[in-house]
Amino acid sequence: MTCQRYRVTGQVQGVFYRASAQQEAIRLGLTGWVRNMSDGGVEAVACGTPEQLSAFETWLKQGPPKAVVEGVDVQTETPVVPGHDFEIRY
């Protein structure tokens, strides 16, 4: 299992980005979480196969229809004990 941390910048709060990212992650079979950041961005940690993570990153770069993504920074995370879901953190 591989885990990645994503930091998404742009107009990504108030446009259903977290909920949409959660739905996409669940559709792809990923585990992890997504949350808003105080700087207006969104952060997510996702764990899965390299193929699943690649598909998730592609989605993050576009986001839901009302989002305007300016950038996605990706860092490899140390794998954690996998959960069974993908949650929204507040």
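Select Asn36 and then Val42, which is the bridge partner of Asn36 in S3; strands such as this one (E, at least two residues) and helices (H or I, at least four) are DSSP runs numbered from the N terminus. The model is a predicted one, in which local features need pLDDT of at least 70 and side-chain atom pairs count only at pLDDT 80 or more, while totals for chains, interfaces and linings use all residues. Residues are numbered from 1 along each chain as its sequence is written, and side-chain values use heavy atoms, with hydrogens and water left out.

Now show the whole sheet, which is open and consists of five strands in the order S4-S1-S3-S2-S5, with mixed pairing. Its edge strands are strand S4 (68–77) and S5, each of which pairs on one side only.

Buried here means under 20% relative accessible area and exposed over 50%, with partly exposed in between (1.4 Å probe, protein chains only).

Next select helix H1 (residues 17–28), which lies across strand S1 (2–11), S2, S3, S4 and S5 and runs at about 165° to S5; axes are lines fitted to C-alpha atoms, for helices over the stretch in contact, and angles run from 0 to 180 degrees between N-to-C directions. The buried residues of H1 are Tyr17, Ser20, Ala21, Glu24, Ala25 and Leu28. They cover an arc of only 135° around the axis, taken from the directions of the C-beta atoms from that axis, which puts them on the same side of H1. These residues pack against S1, S2, S3, H2, S4 and S5, contact meaning heavy atoms within 4.5 Å. On the other side of H1, look for the exposed Gln23, Ile26 and Arg27. After H1 comes Gly29, with a positive phi near 85°.

Finally, select helix H2 (residues 50–62), which lies across S1, S3, S4 and S5 and runs at about 5° to S1. Glu51 is found in helix H2 and is exposed, with a relative accessible area of 60%.

Key
Two strands pair if DSSP finds at least two bridges between them.
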